[in-house]
Amino acid sequence: LDCDPNQKLKQLHRRSLLDFACDKKYDNDSKIDAGIRIIKVLFDAHPKAIKSNRIASNIHRFHQQVQAFINTEIVYARQANDHRLMMTTDDHGQLPLHRALQ
């Protein structure tokens with residue numbers, strides 16, 4: 001992904017790489033740990049892919065840890081798109097960006 005940024009947009013059988021990695025059947029802990037690391041790399045390279053209808057409509061089929069990761073990132077994406085929320089300080093005078101960097 002670092003060598004060719006267009007790799008993040010590649011598709012496999014008309015599916016994004018992120019969708020393909022999320023939908024894989026992980027049958028033991030070591031495989032799901034490796035799978036989550038791959039999913040995070042793919043997500044970091046192309047975060048908009050998480051918003052695809054294919055991922056949202058198939059999330060119930062994904063491994064429980066993949067579902068948790070996807071749901072967390074969707075919540076963060078919605079929060080990031082809420083400009084009022086992003087400009088509202090907390091009780092300590094910090095914006096969400098400040099908390100994220102801690």
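Asp23 counts as buried because its relative accessibility is 13%; buried means under 20% relative accessible area, exposed means over 50%, and partly exposed lies in between, with a 1.4 Å probe and protein chains only. Asp23 is found in helix 1, residues 17–23. Leaving aside residues up to four places away in sequence, Asp23 touches Arg15, Arg61 and Phe62, where contact means heavy atoms within 4.5 Å. Ile59 lies 36 residues from Asp23 along the chain, and their C-alpha atoms are separated by 8.2 Å.

The model is a predicted one, in which local features need pLDDT of at least 70, side-chain atom pairs count only at pLDDT 80 or more, and totals for chains, interfaces and linings use all residues. Residues are numbered from 1 along each chain as its sequence is written, and side-chain values use heavy atoms, with hydrogens and water left out.

Now the chain as a whole. It has 6 helices and 2 strands, which follow the pattern β-β-α-α-α-α-α-α along the sequence. Helices (H or I, at least four residues) and strands (E, at least two) are DSSP runs, numbered from the N terminus. Of the 102 residues of the chain, 25% count as buried. Among contacts with a separation of 6 or more, 50% are between residues 24 or more positions apart.

In soluble globular proteins, nonpolar side chains tend to be buried together. Here, the largest nonpolar core has 18 residues. Such a core is a set of buried Ala, Val, Leu, Ile, Met, Phe, Trp, Tyr and Cys residues joined through side-chain atoms within 4.5 Å. The residues with the most contacts inside this core are Leu18, Cys22, Tyr26, Ile39, Phe62, Val66 and Ile70. Helix 1, helix 2 and helix 4 each give two or more residues to the core, and helix 2 gives the most, with 5 residues. Val66 touches Cys22, Tyr26, Ile32, Ile36 and Ile39, not counting residues up to four places away in sequence.

Helix 2 has 17 residues and reaches 24 Å from its first C-alpha to its last, close to the 24 Å expected at 1.5 Å a residue; the expected span is 1.5 Å times one less than the number of residues. Which residues of helix 2 are buried? They are Ile32, Gly35, Ile36, Ile39, Leu42 and Phe43. They cover an arc of only 130 degrees around the axis, so they sit on the same side of helix 2. The arc is that of the directions from the helix axis to the C-beta atoms. These buried residues pack against helix 1 and helix 4, while the face turned away carries the exposed residues Ser30, Arg37 and Asp44.

Helix 4 can be read in a similar way. Its buried residues are Val66, Phe69, Ile70, Glu73 and Ile74. An arc of only 130 degrees around the axis holds them, which puts them on the same side of helix 4. Their cover includes helix 1, helix 2 and helix 3 (53–58). On the other side of helix 4, Gln64 and Arg78 are exposed.

The count of aromatic pairs comes to 1. Rings of Phe, Tyr and Trp (its six-membered ring) pair if their centres lie within 6.5 Å; planes under 30 degrees apart count as stacked, over 60 as edge-to-face and the rest as tilted. Phe43 and Phe69 form an edge-to-face pair, 5.7 Å centre to centre, with 90 degrees between the planes. The pair links distant parts of the chain, with Phe43 in helix 2 (residues 29–45) and Phe69 in helix 4 (residues 64–81), 26 residues apart.
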